[in-house]
Amino acid sequence: EIQQWVEYVNQEIKIDYAIFKSDDYIAKVPVQEQELRIWYDAYRKDYMTLPQYKLQYILFPYQADIKQVTVQDSAIAQYYQDNLAQYQKPEQRRARHILLRLAQDADQNTKEAKRKQAEALLARLKKGEDFGKLAREYSEDQTKDKGGDLGFFGRGKMVPSFDDAVFALKKGELSGVVETPFGLHIIRLDDLAPEKRQSQDEARSSIVQVLEKQEGKAITFKRASSAYAE
């Protein structure tokens with residue numbers, strides 16, 4: 001069987017061929033005027049061009065009017081008060097994890113083996129082994145090269161079971177084995193940034209930009225309306 005396969009793979013076929021290019025014969029084809037008319041009448045729709053339009057326009061760029069705007073402190077304060085929720089930064093948490101991937105349709109033996117592996121890793125972490133080192137060695141997530149570091153994130157950014165586990169931890173605390181649609185996780189909370197509201201002074205530059213744009217557009221609209229009336 002192996003010999004037959006080798007012979008099949010290595011077989012060669014020698015052929016001779018001649019190419020006849022249709023382009024070489026186009027000039028030899030006589031086309032009568034009557035044939036052209038018949039063709040054109042039959043395919044007239046293929047030679048219709050799309051409608052075209054010629055127009056004139058005047059452009060009133062916003063940027064030219066934004067430069068004229070001077071934003072008052074009172075307007076900044078009013079905008080800040082009217083949009084306080086926009087400047088409220090929710091609590092952020094920084095965590096790292098070790099993920100052992102587990103398919104949702106995995107058989108019971110696979111599930112038990114993965115859980116035992118996760119519990120063994122958790123026991124080692126509780127004894128003081130370095131989380132980052134174990135993550136780089138055992139984690140099956142793309143964050144393994146960063147020691148499992150997920151950076152800062154807010155509530156609702158992760159799948160519910162992971163989210164609940166992270167936001168139930170105290171700083172430096174380890175979770176148990178947490179199951180998600182991705183597999184089994186061990187999580188450690190590294191840091192947290194409490195909920196904070198950006199002050200008016202901190203938000204000032206962004207508010208100025210918003211108000212300048214609003215007022216500049218109003219000026220531009222008036223200029224365009226005046227031109228339209230003229």
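Tutor: Buried means under 20% relative accessible area, exposed means over 50%, and partly exposed lies in between. The model to which we apply these terms is predicted.

Student: How is tryptophan 39 to be classed, as buried, exposed or partly exposed?

Tutor: Tryptophan 39 has a relative accessible area of 48%, and therefore counts as partly exposed.

Student: By what values does one describe a pair of aromatic rings?

Tutor: One gives the distance of the centres and the angle of the planes. The count of aromatic pairs here is 4. One of them joins tryptophan 39 and tyrosine 43, with 4.3 Å centre to centre and 35° between the planes, a tilted arrangement. Tyrosine 43 is partly exposed too, at 35% relative accessibility.

Student: Which residue lies over the face of tyrosine 62?

Tutor: Lysine 217 does, at 5.1 Å from the ring centre.

Student: Which residues form the nonpolar patch on the surface?

Tutor: Ile13, Ile15, Tyr17 and Ile19 form it, and together they have about 560 Å² of accessible area. Tyrosine 17 belongs to the loop between helix H1 (2–10) and helix H2 (33–42). With a relative accessible area of 65%, tyrosine 17 is classed as exposed.

Student: Is histidine 97 buried or exposed?

Tutor: Histidine 97, in strand S2 (residues 92–101), has a relative accessible area of 4% and is therefore buried.

Definitions and conventions:
Residues numbered from 1 in each chain as written. Predicted model: local features only at pLDDT ≥ 70, side-chain atom pairs only at ≥ 80, totals over all residues. Heavy atoms only, no water. Phe/Tyr/Trp six-rings, centres within 6.5 Å; stacked < 30°, edge-to-face > 60°. Buried < 20%, exposed > 50% of the residue type's maximum accessible area, 1.4 Å probe, protein only. Lys NZ or Arg CZ within 6 Å of the ring centre and 35° of its normal. Patch = residues over 30% accessible without salt bridge, like charges linked within 9 Å, V, L, I, M, F, W, Y side chains within 5 Å. Areas by Shrake-Rupley, 256 points an atom, 1.4 Å probe, with all protein chains shown as cover. Salt bridge = Lys/Arg side-chain N within 4 Å of Asp/Glu carboxyl O. Helix = DSSP H or I, 4+ residues; strand = E, 2+ residues; numbered from the N terminus.
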